[in-house]
Amino acid sequence: MFDSARLAQILHAHEGVEGPLLPILHDVQESFGHIPEAALDPIAEALRLSRAEVVGVVGFYHDFRKTPAGAHVVKLCRAEACQSMGGTALQARLEAALGQKMGETKNGVTLEAVYCLGLCACAPAALVDDRLIGRLDAARVDAIAKEVRA
Amino acid sequence: MKIWVPADAAARACGADEVAAAISAAAEQRGVTVELIRNGTRGMVWLEPLVEVETPEGRRAFGPMTPEDVPALFDSPDSHPKAQGLTEEIPFFKRQTRLTFARCGKIDPLSLMDYEAEGGLAGLRAAIARTPAEVVEEIVASGLRGRGGAGFPTGIKWRTVLGAKAAQKYIVCNADEGDSGSFADRMLMEGDPFCLIEGMAIAGLATGATQGYVYIRSEYPDAIRVMRAAVEAATHAGVLGADVLGSGRAFRVEIRVGAGAYVCGEETSLLNSLEGKRGVVRAKPPLPALEGFMGRPTVVNNVLSLAAVPWIMAHGGAAYNAIGINRSRGTIPLQIAGNVKHGGLFETGFGITLGEIVTEIAGGTASGRPVKAVQVGGPLGAYHPVSDFDLPFCYEEFAGQGGLVGHAGMIIHDEGADMLALARFAMEFCAIESCGKCTPCRIGAVRGVETLDRVAAGDPTALPLIEDLCNTMKLGSLCALGGFTPYPVLSAIRHFPEEFTPMREAAE
């Protein structure tokens, strides 16, 4: 839930910071799970930016969400190292098991692509909520699907 | 009894936390006192989780460990099925020249005492004893070039910033390691964070910058956590702050986090992002060295460039320059990844051939099938066929073969690789990550995906268009994203033409 007092705290904490917008947006997303529409004007005002500039920054970066994610977030790496170890087939398997495509939120699960977790020597890799998983195979993909749908 | 279990993200992704918990439990059960240290990784990722046990002969390695392997570690270590012998005698490790990664995996990453005991801070002390211009010339003499991929001489960049007059200058560390196949920055930040901090402090003293920022990609939560803790510890100990090691000179460091944009690894786009703007590329000139962060003189260096600096200052530029061949001097931390038997980080002098790396050191593919192509330098790097295996690993030599060293990551593909699909992915990735500033990249990448789909459908007119489009992107893009995306595409076409012919479907 959006809370204007919490937003004010975040804005206050970043006074005097050089280039404060990204740190503020990270904190806002951390607090509210996404960047609420209602936060845009106060942020713009505090930083003496136009609302359009703030919207432009939020929209530029893949991390910032305009709506909350599901209770579980599964990020599967699609980059080349993971592809070389059969990542593309595992992506299809995971999509089928969850009944959703990359980029969709369904049944409380957000499934997203990520382009490199830096686990390229133990590929394929995924990030399930806060947990990194390397050496993915069919069994591990099935276990992830089961875990997040439970 | 001292036991090391890496807390490196790759080790954790392979179950290191579970192994560490099993060790604690087994020790308690047996009434054995264990000092459990969560170190960084030694870089032998195929052996992770790699547990090390202290013995009078040295540290003995066991891996890849599972919780089930833990009881035998206490009960019968000599006949342990996962025993690898002494860690530093493992051929993959022994063959390296570890300068930048000398401490990584060896020490407790957040112990400043361990860091100093293993040679840390000697470079910073040497820099304090000399004038800024002398420090800059030492770096110039070392021959160190930007390890982020561009290969620009680090010392020359510092010289420009030193010579710039401004009330405030900055050191910005580019830790936006987005290239697939690269993980050296992450490993160093997680395994030896003080090394990067020391390198930044030296850069600050050398150029007159008093504020540093490390811009770390958000996909690296572990590195962010370790770096934040290390900055705090270094500040507390007086390594950073108003009076760096009693020198009377100030240098502070702040950690900043990216937000999932590959293009922010490009230095001008990174600066915009750091300023809180869209991560759009800036046209050069002005050079960031003169008008960088907040329009002020700024050194932007990769993690590996800055982390090489403490060794150079402690041992001298000439000692670093003595390693390597031609215009590529010093060591390069290779990252061997993908479909590979022995994947991980291998630091060595420049000049080793691609074939030595892939065949001898890495042991070929994980699948056991023949190697088909090796992509060197990340998603913007070329695909090299086996016929390129005699190519020495150096900046100019790779450029001469239509490739690039990049951040020295390499992804090995076995014969199952679909080169047309990989070429299409290169264009797709560029389209997803383009900042949108210049037309060849923003529109070219989208047209590239469509046109490669036409190639796949058997349209004989599409392939010449791809070559033409790649030429436009190469010559017309503002930065390496649009400018280098043609490298994987064209190299795939050049070396594997049969996969791009209209007869593709029929032939299969």
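User: At about what angle does helix α6 of chain A run to β3(A)?
Analyst: This is a predicted model: local features need pLDDT of at least 70, side-chain atom pairs count only at pLDDT 80 or more, and totals for chains, interfaces and linings use all residues. Residues are numbered from 1 along each chain as its sequence is written, chains are lettered from A and ligands numbered from 1 in the order written, and side-chain values use heavy atoms, without hydrogens and water. Helix α6 (residues 87–98) lies across β1 (72–77) and β3 of chain A. Axes are lines fitted to C-alpha atoms, for helices over the stretch in contact (heavy atoms within 4.5 Å), with angles from 0 to 180 degrees between N-to-C directions; for α6 and β3(A) the angle is about 165 degrees.

User: How many helices and strands does chain A have?
Analyst: Helices (H or I, at least four residues) and strands (E, at least two) are DSSP runs, numbered from the N terminus. From that end, the elements of chain A run α-α-α-α-β-α-α-β-β-β-β-α. The count is 7 helices and 5 strands.

User: Why is one side of β2 and of β5 of chain A left without a neighbour in the sheet?
Analyst: Two strands pair if DSSP finds at least two bridges between them. The open sheet of chain A has the order β2-β3-β1-β4-β5, with mixed pairing. β2 (105–106) and β5 (131–133) stand at its edges, so each has a single partner strand.

User: Which residue is the bridge partner of A:Lys106 in β3(A)?
Analyst: β2(A) pairs with β3 (residues 109–114) of chain A in the antiparallel sense, over 2 bridges. The partner of A:Lys106 in β3(A) is A:Val109.

User: Which residue in β15(B) is the bridge partner of B:Gln375?
Analyst: Strand β14 (residues 371–376) of chain B pairs with β15(B) in the antiparallel sense, over 3 bridges. The bridge partner of B:Gln375 is B:Tyr383.

User: About how much area is buried between chain B and chain A?
Analyst: In this contact, 65 residues of chain B meet 34 residues of chain A. Buried area is the accessible area (1.4 Å probe) that two parts lose on being put together, summed over both. Carbon and sulfur atoms give 57% of the total, which is about 3,600 Å².

User: Which element gives the largest share of the side of chain B that touches chain A?
Analyst: Several elements supply at least two residues each, including β7 (211–216), α12 (267–274) and α17 (419–433) of chain B. The largest share is 6 residues, and it comes from α17(B).

User: Which residue of chain B meets A:Arg78 in a salt bridge?
Analyst: A salt bridge is a side-chain nitrogen of Lys or Arg within 4 Å of a carboxyl oxygen of Asp or Glu. The rule finds 2 across this interface. One of them, at 3.1 Å (N to O), joins A:Arg78 to B:Glu428.

User: With which side chain does B:Arg60 make a polar contact of 3.1 Å?
Analyst: B:Arg60 lies in strand β4 (residues 58–62) of chain B. A polar contact is a pair of N or O atoms within 3.5 Å; within protein, one must be able to donate a hydrogen and the other to accept it, and residues adjacent in sequence count only if both atoms are side-chain atoms. The partner of B:Arg60 is B:Asp78.
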